[in-house]
Amino acid sequence: MTIKPLIILPDPLLRQVSSPVERVDETIRRFADDMLETMYDAPGIGLAAIQVGEPLRMLVIDLSKEEEPKAPQIFLNPEIVATSDSVSVYEEGCLSIPDYYAEVERPASVTVRHLGLDGAMHELEAEGLLATCLQHEIDHLNGVLFIDHISKLKRDMVVKKFTKAARRSA
């Protein structure tokens, strides 16, 4: 079942911190499948549970290219436990802020500890696009958007645009 991603701006209620996943069960596994389907349909490369209205510390990622086999990754209760001193810059976009992209500077590599669907604790060292994507999605779980990493002027312009669009559609 595809779940429609929520447009997060300007609703501050959707910018909440997500709660930990308490146990890995069939409900969580089905929800992970639903999230992946939603992400693929969007299309996107990452999706946090809060983006589909579920305030759980859960995210899915798949960086495979269109012509490659799918390579989904599911992270429950992800936590960044280490970051590199070196930085990288990627142009980021977000399913919650449609049609807006901006360059964001983040640590070039991260170590993430998380629970897997197997119920075991895992640790992953990531760099490049995977590191950026993990940081972007974990930010969602903490109530942070990628536009919080850009200049105040650019952020204010985006918020104004989405506030205006929300008024028009209401």
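1. E92 is a residue of strand β4; helices (H or I, at least four residues) and strands (E, at least two) are DSSP runs, numbered from the N terminus. The model is a predicted one, in which local features need pLDDT of at least 70 and side-chain atom pairs count only at pLDDT 80 or more, while totals for chains, interfaces and linings use all residues. Residues are numbered from 1 along each chain as its sequence is written, and side-chain values use heavy atoms, with hydrogens and water left out.

2. E92 has a relative accessible area of 4% and is therefore buried (buried is under 20% relative accessible area, exposed over 50%, partly exposed in between, with a 1.4 Å probe and protein chains only). Its side chain makes a polar contact of 2.7 Å with the side chain of R106. A polar contact is a pair of N or O atoms within 3.5 Å; within protein, one must be able to donate a hydrogen and the other to accept it, and residues adjacent in sequence count only if both atoms are side-chain atoms. With neighbours within four places in sequence set aside, E92 is in contact (heavy atoms within 4.5 Å) with Y100, Y101, A102, V104, R106, T132, H136 and F146.

3. Helix α2 has 14 residues, and 21 Å separate its first C-alpha from its last, close to the 20 Å expected at 1.5 Å a residue. The expected span is 1.5 Å times one less than the number of residues. Most of α2 is covered, with 12 of its 14 residues buried; among them are T132 and H136, both of which are in contact with E92. After α2 comes G143, with a positive phi near 80°.

4. G128 also belongs to α2, but its relative accessibility is 23%, so it counts as partly exposed. Neighbours within four places in sequence aside, G128 is in contact with Y90 and A108. P69 is 59 residues away from G128 along the chain, and their C-alpha atoms are 20 Å apart.

5. Helix α1 covers residues 26–41; its 16 residues should span 22 Å at 1.5 Å a residue, and the 23 Å between its end C-alpha atoms agrees with this. At its start, a side-chain oxygen of D25 comes to within 3.2 Å of the backbone nitrogen of T27. The buried residues of α1 are I28, F31, A32, D34, M35, L36, T38 and M39. An α-helix has 3.6 residues a turn, so residues three or four places apart point the same way. The cover over the buried residues of α1 includes strands β1 (46–48), β2 (58–61) and β3 (73–83).

6. The loop between α1 and β1 holds P43. A42 and P43 are joined by a cis peptide bond, with omega at about -15°.

7. Two residues other than glycine have a backbone angle worth checking. N77, in strand β3, has a positive phi near 50° and is partly exposed, with a relative accessible area of 22%. D99, in strand β5, has a positive phi of about 60° and counts as exposed at 66% relative accessibility.

8. The largest pocket holds about 510 Å³ of space. On a 1 Å grid over the protein atoms alone, a pocket is an open set of points where a 1.4 Å probe fits, with protein on both sides within 12 Å along at least five of seven lines; lining residues have an atom within 4 Å of a point. Grid points are joined across faces, edges and corners, and a volume is the space filled by probe spheres set on the points.

9. Of the 24 residues that line the largest pocket, G44, I45, G93, C94 and Y101 lie nearest its centre. β4 (87–94), β5 (97–107) and α2 (128–141) are the elements that give two or more residues to this lining, and α2 supplies the largest share, six residues. By class, the lining has 13 nonpolar, seven polar and four charged residues. Ala, Val, Leu, Ile, Met, Phe, Trp, Tyr, Cys and Pro count as nonpolar, Asp, Glu, Lys and Arg as charged, and the others, Gly among them, as polar.

10. The second largest pocket holds about 280 Å³. Its lining includes P43, G44 and I45, along with D62, K65 and E66. The lining of this second largest pocket divides into three nonpolar, two polar and five charged residues. G44 and I45 also belong to the lining of the largest pocket.
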